[in-house]
Structure formats: structure tokens, C-alpha cells
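Let's take a walk through this model together.

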Amino acid sequence: MNSIRLAFSVYGQYIRVAFASAAAYRLDFFFTQTVMLAGSLLIPLLTVLIYANGEAIPGWTFHEALLAQAVFMLSSGLCAPFFHNVVWTTMERVREGTYDLLLLKPGSAVFTAVAGSFGFEYIGQLCGGAAMFAYAAARFAPIPAGGAALFALLFLMGVLLNLGCVLMMSAVCFKWVGNSRVFEIYDAVTLFGRYPVTIFTGALRAAVTYVIPVAMLGFFPATAILGRTTAQMAVAAVPCVLFAIFGYGLFRHMIQRYQSAGG
Amino acid sequence: MSAPERRTVLSVRRLTKEYVTHERRGALAATLKSLFVRKKITVRAVNNVSFDVAQGDIVGLIGENGAGKSTIIKILTGVLFPTGGEVKVLDFVPYRDRSRYVAHIGAVFGQKSQLIWDIPPMDAFRLNKAIYAIPDSAYAERLERMTALLGLERVVGRPVRTLSLGERMKCEFVMAMLHRPRMVFLDEPTIGVDLLAKENIHAFIREMNRDGVTFILTTHDLEDIEQLAHRVVILNKGEKVFEDELAVLKRYLGDKKTIRVTTKGPLPPAGEFLRPGVALFESVSEKEVVLEVNGAILPMSEFLARLWEFGQVQNISIQEIGIAEVIKAIYQEHA
Amino acid sequence: MSPSPNLSENSNVETPRRVSAGAATGADTDANTSASANAGAVASTGADTSTSVGAGVVAVAAAGIRIKIRVILAIAASTYKEWAAYRTHSLVSVFVGPAYFLTQICIWRAVYSGTDSIRGISLDAMITYYGVTTLVSYLTMDFADWNLQMLIRTGKFTTFVLRPIHHRLFAFAQKLGHRTLGLLFEFLPALLIFVFIFHMEIAPVRGGYFLVSVALSYIMVFTVNYSIGIAAFWLVRTDGLRSVIKLLTSVCSGALFPLLLLPDALQRILFFLPFQFTAYVPSMVYTGTYRLGTFSMGIPQIVCVQAVYTATALVLSELLYRFGLKRFTAAGV
């Protein structure tokens, strides 16, 4: 219990430090965040245009399609400040040979890596996601308690998937030093999670549901709000948990390898 | 300086560390080939090194670049696994018990900052307070004492990027010692720091050492060693070539001293001075000469008595042989 | 920092990224700049000594141009070599572009299941549009903005003021080298995937005009980015400005969707802005018909318009550069 309290207070301090760092260049910070917020609103732009031109994604009303994308935005917006910088800081520390400093901190190295990488520079994206979600979900209020609970559960699965991916990419950074493009792979993969999975057919649909269940980042939790969940979503939760476990294990393994190889 | 009853807090036994690297070539064909077959090269950075450190000691690790100092420090701080041998620090095996062990040690790396560039050191200190779970009162008390000792009162509230190198380095010390570690590792802690700041840092280390903190110090700055170290371990190409008290190191080349003599009138021909045990080191002018006297052959008192007989002496200064000379000699012996 | 991964769906654009406030980024890019900078210095020194060889005025001018080309090729070649070390990174593009293309195919197939044409665009034309914009962006992208602002911010730009070659030409030569690498390790593999896996037909209606349009787009992307970099003469940090422009470009250039899908009024405005020339125009030239808002014209005409806009952008960029340089040297940064 005590160690959990300690972990929270450490995490809190890391967030404080991240905020102080971001606030050091206030003007640029606010400006960048505003742009980022606006930029995050681009995600549903294509959907808006499709419906504005009188067309539709088959089986989905405009607001349903928008909700799926809003959930995606909320999910990625939430994961960005908490997880994304793990990749960048790992890359930077490995390249500069300062990963040692992280290992000098007591406690779990994975925890220190994640807590120490809180990124305030993604706050705009989180705000954009939250705003869009509030707007899209309001259409379907009141959401029944069961639906909301199911939504929360599926949403959490998406977060686990995201965490797993980030830890895996960070692990890759120990080997593939200096590749600043690793996040583009992540973006390309999650791109398949931005739209209702019904647009995909055959193997591709199975892949985004069960192999790398990116559908969990937006579409599946959204269906919980719409009351249209199916059994396959429960199955898709399994790989999400596996991703998180595997990502954690791989990242830990790479830290240990770093310790034995000496960078 | 060395009380026999002090217990050993750090022991290194037959420590070996090998790195495996791959041969790299630039040409495209070679790069493609290297995707499949890579030639492994094993580099032995530390070879069969053993030494002990007693509680309250300040031990200097000396060696040229690539001698294995940094590798040893990394292993001692739990950052790196050794290839062979045993290490025990404060009853921990550093690399095995890392996450618990590091709560009891501190480290300052002259080349790797633990401060956070855009914000004041104070914020980074508070972060460490949380990480090491330092109680409020103890934190306040230690922070006040250390900032006072290092003269940092008006520094800790300013963003790190606005601080001078010396101020930053002093803050690194506070950062490394707020949790009151029993053992502190210093890797090039005064690199690039100006004279006054360096003196201040030396005084701080001595003060902390009086409190019982053990220091392991690697540096290229021999002034750090002469000012701080009680004992010295010298490494050469991964192997230990010397380990003893600093005083013993100073006498390593024998009981030799350099003596600068200035006279009122012209000096007699050199032969007058050069007898067994005395060597001419430098002839500065006709009224000034530097001699090297070996006390084992010609006792200093006897040499001085003879010098006095000459009667023309205006000034004498006696100096120990610099440890730089000694260390150079040790390297050459093992080359 | 560039928030680009989240900004644009079209994420096959390579952007140097700053990791955290304070620390400079992409050390590899930094290193590259300085290394090819040296190549440039060597090459341009050679230029000075041999200029006097020419006899007549024409001969001197011709020799001057020949030497300039030699300098450009030398810089391009050295940039190519530096980046070749990172060619495994290109594999990322070979994955990212086709993944993006695949999602677009799926979306539009689904949407077109209820209709034959959206705003006069058929399904095939829509898919071709995405294929072409994705492929063209491999050829035209650069980060001249990031590079120039980095040089100015770190003071390294001073070394260029002292050289007998305009920095823009230098940066352009770097782009030539960098994009040659892109052509070989990004464009060609992606093209093969598009043709053999997605069965995209490679048949520009008017091939010659298409190549000219891509070339003009290449220059336009560079000029716009370079001009944004110039802003660093005035601003301490250009991250914010750069992300605004990136955001505007991604919406207004047609890189994310055909501009014809936008409301008519917006289309009419966009016709007069330079954005469309970086993605929309080359793709339309490829398909053989051009229209935007109420404007509809032949392929030769729109390519001419593109040429005029590109030339204007170059002139404006040069003016901006001169003002900025005056400020740079006056402030003695």
C-alpha cells in the first residue's frame, strides 16, 4: 500500500516537473497546443466531408461514425501525454548514453521510464479528444450505466493496447538507435482503428479485430455506448492484455540487455 | 587516516567485463553482407580487478581513457552487469539488487546531468525527494545545510540553463546527496569547473566525508586526487596496476624530492653537487638550479648540511615529486 | 516540435522531431548538415579558382553555370551518402504509404457502395488520386524549414554567410541528394507495391505535363518550407508557426482528400492560394482534367499557372531572405 502511495507521489512530481518544463516557453507552448488541438480535430474531417457531400459509411449515421472517431481521439489523446514520450526519451537516452541515470533511480526501471516521460506537449491533443468526445457522446445521452461500464472496460483495453505498443517501440529503440520515424509505423497501424471496422473485409478485418486489435482504440468502445456490442469484442480484449504484457516484458528485457551490454 | 577497525563497505573480486561489438564497414556490399554474417569482436574492458574500500574512505580511481574506470563505476552503481567476478557494496550485489541498492548510493557524473534544463534545480530536488521518499523535515534540513555549504542559496531557484557550469555541478552534488547516501560515486566531478568552485566542491566532499560518507572518485584531474583521496587505485588497460594509500603512491619512486636552490653568487660547477643520491633536474641559470635528491641514498639532513657549507644559499624550496610523474612512471612500467 | 504524426493522416512525411524542450533534435540531421556543409565549402572553393579561366563574357557565364552545377551535384552527392547510412529508415515509408493507401481504398469502397460518383469523382479516380498524392509526396517532401531554423537558432548559419554560395541553393542541392535517396528507397518500392499489390494503373494522361508539374511542386514545397525556416531570423522558436503552416497545408493542399470535396466557396478561395500546387495540382494533371471551385482549365494552362506561382514564391522567398539576413548580420547573432 505504502509503495503505491509512493508511486503516485513520484508520478505526481514527474508531472509537475513536466509542466514546469513546458511552461518555460509559455508563448510557444500555448501556440503549439492550440495548433495541436486544432490538428487533432482534423481526424474526423474526412468523415465530415463524406457526410456533408450526402454520402455515408454504410450502416453508420453521421453521429455514430463521429462517435467512433471521437472515442479514438480521446483514447489517443489520453495515451499521448502519458505514454508517447517513453519512445522519444528512450531513444534520446540510448543515443546520448544517459540511460544509466535512469537506472540510478530506485524502484522499477519501467515505472521510472514511463513516469519520467510525461509529455505536457500533448495536452492539446488530449483536450481536442475530450472536447470531441463530449460533443459526440452528448448526442446519445443518457447512456445507460451498463453501456457506460462496458465502454470504460473496452476503453481501458484500448489503453492497454496503446501502452503495449509504446513499450514495444521503446524496446526497439535500444536496438534501432536514432530512428526518429518509429512513431510513423504506430500511426500507420492505428490508422486502421480510426474508422468503423465494417469498412474492412476478410483477413484485414480479422487482423484489426484479433491480431492487432486497433478497433479497440475507437470503434469497439463506441459500440458499447451505442448498445451494439458483439461477442467478438470480448475476444479482442485478450490480445490487448497480451500486448501490454508482452510490451512490458520486452521493454524490461531490453533494459536488462542494455545493462549487460553497456550501451 | 586509516583506522584498522573500519569495516569494508565495498569489495571487488576478480572483476571482468567484456564487450562484444560487431565489425562495421561502410560499403554497401559489406553492409548487406553484415546483415547475415557479422564478425564479433570481444573487447575486455576490465580484467581481473580486485580491491576493497573501507567505510569513510575516499578512494580515487585513476587511469587513462579506456582504462576501464567508467565501466567499473557503472558496475559498482548497478547500471551494468559484469562478465565475471564478484562485487559487493553495502551488503548488496549492485547489478542484481539494483532497484533497492541504488536508494543507498549517490552518483555525480560530470558529463551527464541529472538536473532538468528548463526549470530550477529546486524542482529537480523536489522530484528526488519524492523518488527517495525523504521526509519533509529531513529534506528541509539537508537542503539548507548543503546549499549553505556550497553557497547555492541564490542559485537553486533559477532555471538550470541560466546557471554557470560550476553552479550546475554544485547542484548535481545536492541532487546526488539529498537522500543521504552512504556511498557516493563521482565520475569526473570537476570537469570544466573553475578554481573557486572546485575548491568549494572539495571542501564540501571533505565535509560530507567527515559525516561518514564513503566516496569513490574517478578523475583526470590529479588535483582532485591530491586534495581528496586517501587511497588510490590505478588502472591500466583494464588491469589494476597499483592500489595503496596516497602517501605510499607519493613515495613510489623512492623518497625523492626536488629541491630548487637559488644562490647569491654564481653556482660552483655542477660536479660540486652531484654525488650519489643527487641528480641534476634542471639548470635554470647560473644562480639557480633544480636538483632531485634521493633520501634513501643521501639523507635530506646530510644534503642540507652540505648545501649550508657552501654558504652562498639565498633560498631553498623543497617539493615532493608530483604524483603526475609517479603515475606516468607506473604506466611506463606496465606498458 | 512537430506534432505531425497526429496532425495529418498522410503520415508518410518524414519530420525531424524534437524530443523534449531544450534538447535539440535529430542529431543525425545536425551531423548531416555540417558534413555536407563541408562538402559545399570544398566544392565552392574550387569554383572560385577556376572562374577566371573563361575568356569571353559568354564563356565566363557558361563556365559559371557549369561550375555551379558541379557544386550542386557535389553537395547532392554528399547529402545522399550521409543519408544512405539511414536507408533502413526508408523501410518505414515503404510500410506507411501503402498502409495509408489501403485504409483509403477500404473507406472509399465502402462509401461508393451506395453511389457511382461523388462530386463527379468516380471510385477509380478517387483511389488513383490517393495513390498519386502518396507517391508524389515521396518525391517532393523535405524539411528545409526545420533545417534552416535549426541553423539560425544554433548560430551555425554564420558559416553560410561566409560562403560564396547562396544558402538556398545549398539547401536545394541537399534536397536533391536526399530525395534521390527517397526516389530509390521509398518511391520505387512503394510504386511496386501500388502496382503489383493494389493493381494501381500507372498511366498519366499527359506524362510530360505531369513530370513538369511534379518538378514545379518539388520546387514549391521547398520554397515554402525554406521561407518558413527564414522566420527563425525573427522568432526564437518557430515550432508553433511551423505546425500552423503544416496544419494549413495538410487541409488546403489536397494531401488528405481531393479539394473538390470541400464547400464551393472554400474551393474558390483555395484556387488563389499556393497550397494546391504542392499536391492537388500534380494529381489532377495526372488524371488529365483540372477543376477547382468554378475554375476549370486545360492541363497546359494549369501547369502555366503553377509555374507563375512557383516563380512568384521564389521571388517572395528571396525578399524575405534578404530582410532576414540584414537582421541576422545587424544583430550579430
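**A walk through the chains**

Across the interface of chain C and chain A, the rule finds one salt bridge. Keep in mind that this is a predicted model. The partners in that salt bridge are A:R181 and C:E186, whose side chains meet with N and O 3.3 Å apart. Polar contacts can be counted here too: chain C and chain A have four residue pairs of that kind, both residues being at pLDDT 80 or more.

Which parts of chain C supply at least two residues each to the side that touches chain A? They are α1 (4–7), α2 (27–51), α4 (90–111), β1 (117–118) and α10 (239–252) of chain C. Among these, α4(C) gives the most, with 15 residues. If you sort the residues on that side of chain C by type, you get 30 nonpolar, 17 polar and eight charged.

And how many residues take part in the contact? Chain C brings 55 residues and chain A brings 44 residues. Between them, the two chains bury about 4,400 Å², and 67% of that is on carbon and sulfur atoms.

Now let's look at chain A by itself. Along the principal axes, the C-alpha atoms of chain A fill a box of roughly 60 × 45 × 40 Å. Of its 263 residues, 59% count as buried. Take the contacts in chain A with a separation of 6 or more: residues 24 or more positions apart account for 81% of them.

Chain A also meets chain B. Here 28 residues of chain A are in contact with 32 residues of chain B. About 2,600 Å² is buried between these two chains, with carbon and sulfur atoms giving 61% of that area. Which residues of chain A lose the most area to chain B? They are A:L104, A:P106 and A:Q259, which together make up 24% of what that side buries.

As for charged pairs, the rule finds three salt bridges across the interface of chain A and chain B. One of them joins B:D123 to A:R16, with the closest N and O atoms 2.6 Å apart. Chain A and chain B also have eleven residue pairs in polar contact, both residues at pLDDT 80 or more. On the chain A side, the elements that give two or more residues are α1 (2–23), α5 (99–103) and α12 (231–261). The largest share comes from α1(A), with nine residues. By type, this side of chain A divides into 14 nonpolar, eleven polar and three charged residues.

Let's step back to the whole structure. Side chains of opposite charge can pair when their charged atoms come close. Over all chains, a search finds 34 salt bridges.

Two of these lie within chain B. In one, the side chains of B:D97 and B:R100 meet at 3.9 Å, N to O. Are these two residues buried or exposed? B:D97 has a relative accessible area of 12%, so it counts as buried, whereas B:R100, at 52%, counts as exposed. In the other, B:D136 and B:K129 come together at 2.7 Å, N to O.

Where do the two partners sit? C:R119 is in the loop between β1 and β2 (121–122) of chain C, and C:D264 is in helix α11 (residues 264–272), so the pair links distant parts of the chain, 145 residues apart. C:R119 counts as partly exposed, at 33% relative accessibility, and C:D264 is partly exposed too, with 40%.

To finish, here is a group that takes us back to the start. Salt bridges that share partners join A:R181, A:E184, C:R179 and C:E186 into one network. Two of its members, A:R181 and C:E186, are the pair whose side chains meet between chain A and chain C.

Notes. Residues numbered from 1 in each chain as written. Chains lettered and ligands numbered in written order. Predicted model: local features only at pLDDT ≥ 70, side-chain atom pairs only at ≥ 80, totals over all residues. Heavy atoms only, no water. Contact = heavy atoms within 4.5 Å. Buried area = accessible area lost by both parts, 1.4 Å probe. Salt bridge = Lys/Arg side-chain N within 4 Å of Asp/Glu carboxyl O. Polar contact = N/O pair within 3.5 Å; in protein donor to acceptor, adjacent residues only side chain to side chain. Helix = DSSP H or I, 4+ residues; strand = E, 2+ residues; numbered from the N terminus. Nonpolar A, V, L, I, M, F, W, Y, C, P; charged D, E, K, R; others polar. Buried < 20%, exposed > 50% of the residue type's maximum accessible area, 1.4 Å probe, protein only.
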